[in-house]
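I opened the model to look up the fold of one chain and the contact it makes with another. My entries follow the display.

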Amino acid sequence: MLWPAMTQLNFQWELLAPEFILVGWAGALVLLDLFWGSSAGLRTGRIGKEPLGYLAAAGAVAAALVSLFWIGDHKNFADLIDVNNYTTLFRVFFGLTAAFACIASARYVKDRLLHPGEYYALILLSVVGANGMAAASELLTAYISLELLSFSLYVLASYDKFDLRSNEGGLKYMLLGAFSSAIFLYGISLVYGVTGSTHFNAIGEVLKGDTSDIDMALLLGLALMIGGLGFKVAAVPFHMWTPDAYEGAPLPITALISALSKSAGFALFLKLFTQAFLPLIDDWRYFIAALSVATMALGNLVAIQQQNLKRLLAYSSIGQVGYLLMGIAALSPESASALVLHMIGYVVTNLAVFVCIIIYYNWTGKEEIKDYAGTAERAPFLALCLSIALFSLAGMPLFAGFATKFILFQSAAQEDLLWLAGVAVFFSFVSLYYYLLIVKEMYLGEPAERTRFPTPWLEYGALSLLVAGVMFVGLYPQPVYDAVEDSTATIFAAVEDSAAVSERP
Amino acid sequence: MQDAWLMPAIPGAAFVILLLFGKYLPRKGDWLSIAAMAASFVIFFPVLADLLDKVDTEGFTGGGKSWEWISFDTFTIRLGFFTDQITIVMLGVVSFVALMVQVYSVGYMKGDSRYGWYFTCMSLFAASMLTLVLADNLLLLYAGWEAVGFCSFLLIGFWWEKRSAAEAAKKAFITTRIGDVGFLIGIIMLWKQAGTFDISDIFQFAAAGGYDSTYLTAAVLFLFAGAVGKSGQFPLHVWLPDAMEGPTPVSALIHAATMVVAGVYMVARMFPLFQLADPVALDVVLGLGLTTVVLSATMGLVATDIKRVIAYSTLNSLGLMFVALGAGSTTGAMFYLFVHGFFKALLFLASGSVIHATDRQDINDLGGLAAKMPLTAAVFGIGTLSMIGIVPLSGFWAKDEILHSARDAESAIIYVIVLASVAVTALYMTRLYVRTFFFQPRDRQAREHAHDAPLLMSAPLLLLAALTLVSGFLVFDGVGEALGFPGGIGKFVFAEEAEAFKFSWEVALASTAVALGGLLAGFAIWQEDAQPAKRLGERFRPVYELLFHRYYVDEVYQWAINHIVLFAGSVLAWFDRNIVNDTGVDGSAGLTYLSGFQMKFLETGKLPNYALAISLGVIVIAILFLVLKA
């Protein structure tokens, strides 16, 4: 397989404009922070750097908007980075996710953390990494992007440096992350050794045809890569860092890990397995299905036992990963769309949950489930929004979770994985218990005090947008589904294109 | 017609705003609710004009706009709004009466502790009702259908601190739900064979012979079950009299002019299916309608609550509409529905004025109000005469149409029964009027402070009275043409069958004769101290008891609930407690909880264990790969 020489490669730097914006913006934020008041003033709360958060959000939104410019394009930068609908969808999605995380951070960071400039800069850099994971068309670029995302998150997870839990969670996250990165890299090298390429499409082409005499090293490489990606998306048994990191990290960062890191992991997982390993699907699909069952079971069952809301959400997010893995196990154009749709619905819902928790934490500094007793009386709007989001996570009709889960389970059932869909329905049912537990606490519990909380208008605005998104996807999923279908079509089209190429004499 | 969807959308938006921010709005947002309703009513006119433009074109069967709601692979559901001649009649009634009632409510509900909530519910009701009317498919229609039922529940139980109100709300909800289940079964049956919820498509499918005749008959009878519940037909009529526990404007809007006629509207809308089905379907409609007419007219004779008497007259009217439908005259039913909306809302709102002024609603406590409340007495009189069917009020023309169709029906007995009901209607309506407005007051204290309602409440009364006077003339081709319609209401609504206005002196004279007879008899029986009535009551004690206890239908239901439902319930409860709950639910929940508890300890918090898990995961996958492949 010959690849074009460097001179023939396409170096259209403007294709990377969103990433340049993010990096530049991140640098600017650091500088701005440097020249804006002193840290000492910040600690005493005299000089607030709250606006930095909104500036960072603006940068993320700007990058998302700029990326819209390439809707419908099929471009490639230097044979490393695809710029097509798939990339655009994730660029927009990641940008908006980060923007919500920044807005939710603003007050939290002002009150509790030092060095806000670096904090927001790292968030923006993590978006660059996430974008790269969705856009990469070959393994090393994907790996470097993954590392960029991970390193930003390692630092962010331990950002609350005077809090032991934050340090512990961050350190565990980093050590295990390094460990699984090595595993992933080893997998890459084995796959490269067998197929002679790191490009997804080229690998896919090599694996096409008769796969009965496939090299065992390739399967070993595949197993290692599943392990590496499994760590990133927190699939059982590679999930163990999740509860510790979730609990330790500052709340907005927990939100970011659960939203950005997870969906970037799935963006890469989906693209890699579609373009490179689809020919081997009969070999790996049952492993993924088994991981899916284990993940659903462990996440949902252990979640029942949790008393800390962040840990509960960590396990619930593991459970959700189990559902998402179904989309990979059943890999087809429909299931890929269903996976991305469910992921978007899940992230929007999860962000809504986290915004609620952050608001509540800003008020009270508490995060145990029992601390939410009687919230409905003290903050009815918050309780309503949190209930809607939790109902959606549980997959109740009217809300995003139902529509997207329905489509996902249906797509799995179509690929002869009806039993898996059955298991998923069972565990969705189990999950109702712990989600409703929070709702019950909020509406039936006795509040410690009866005073109303002050209204945080900006956060409530962001929350309203997210809840509106949850309801919209729940009631009228069609437009989002169409957009997702457009984007996943491009990665499947790439598979067919390369098939067409190889058929040429 | 493209923009008809705005009519429900605007009150719907008002509902959302009121629900979220109503508390913070000046005057609790009543103006917003009314403004939304007014906007909706204004939009009615362009929609009507558009329809009139197109109605002459060849092959016109209505139009609208629909959106794809869900589409995955071959499974598609479209939702949309649809306007044709039947819907336009209903739209006019609903939007106008809703507007009048909301304006009236500003005065009536003043000072109520849940004033804002009242208007929130009213907005939701208007949005749901208009959705029901405009829906182009059964799914949306059903959604609107359930939503109006829910609003009815909220508004009947508006004063839920009162036990009777809470009970009535529950009774109304549960009773109508029984019919709704049938309705849903009918919808699913129609969908199952046709594969679509779209009403026009279902008509085409049925016309092409897609349904088996027996199957279709069963399906439409299930649909009709929904109408029986919603429109208070025998045997599900028991909730409507109790529903009078709600605020009077609610009774006027929901339990007289709009929601309760939804059943009639639905049957009229689906009428092509009823015609294609076995004739037995329409016979059932006719039979139940006739039964309701007889029961309600006689029960109206002994009720003493002013609102309950009007409620029985509503049941009576609804029965008549179903008689018309059963006899095959959709025109008659829809025309009666149209004028009934005005005069019945008028009667309720006027009775509301009486209750508002005197704080009494038992006619044994009232009397002599004509002098104190001349305006109310006048409009109440117009409403009463229209209900009785005295020429030239609107009720006369509409009743005349129904009498015609009854006379043309297979059996002469139907005509006789309907005619007799006209006499009884005249009797109890006269009783109601005489006992409320004439002679000496039985409770002087109540009369002392009585006065006509303020302008805000009187204006809707006057407008409705005016419409009661003139709306009947729409039946004439000449009047219709002068207003821009292609003819009288019959010609307009059912252009293809050209069901023109029928008039025969024989029917008109007969109905006028019995109506006047009933009227005079009423005057004779309920004189100053109502001695003749008391004597009659003593003489026919068992009959009086039977009527007073509403034919013991409620008692029979209560007995059935106590002895049959609760017994079956106790058996099931035992099964549920011991087998389902203790063994199934608690058992499996315990198992789930336990397994979660066990798995919790996998999370040790020790880093090497975590790394070990990752390594083991990879190794197991790799080994299985190699083993399976080798």
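I count two residues as in contact if their C-beta atoms, placed from the backbone, lie within 7 Å. By that rule I found 27 residues from chain B and 32 residues from chain A in the contact between the two chains.

I noted that this is a predicted model, where local features need pLDDT of at least 70, side-chain atom pairs count only at pLDDT 80 or more, and totals for chains, interfaces and linings use all residues. Residues are numbered from 1 along each chain as its sequence is written, and chains are lettered from A and ligands numbered from 1 in the order in which they are written.

I then listed the elements that give two or more residues to the side of chain B that touches chain A: β1 (63–72), α27 (553–600) and α28 (607–629) of chain B. Helices (H or I, at least four residues) and strands (E, at least two) are DSSP runs, numbered from the N terminus. The largest share of that side, 13 residues, comes from α28(B).

Next I turned to chain A, where I found 20 helices and 2 strands. Its C-alpha atoms fill a box of roughly 75 × 55 × 40 Å along the principal axes. Of its 505 residues, 60% count as buried, meaning that 20 or more other C-beta atoms, placed from the backbone, lie within 10 Å of the residue's own. Among contacts in chain A with a separation of 6 or more, 81% join residues 24 or more positions apart.

Last, I checked α5(A) and found 19 of its 20 residues buried.

Notes
A residue is buried if 20 or more other C-beta atoms lie within 10 Å of its own, exposed if 12 or fewer, and partly exposed in between; C-beta atoms are placed from the backbone.
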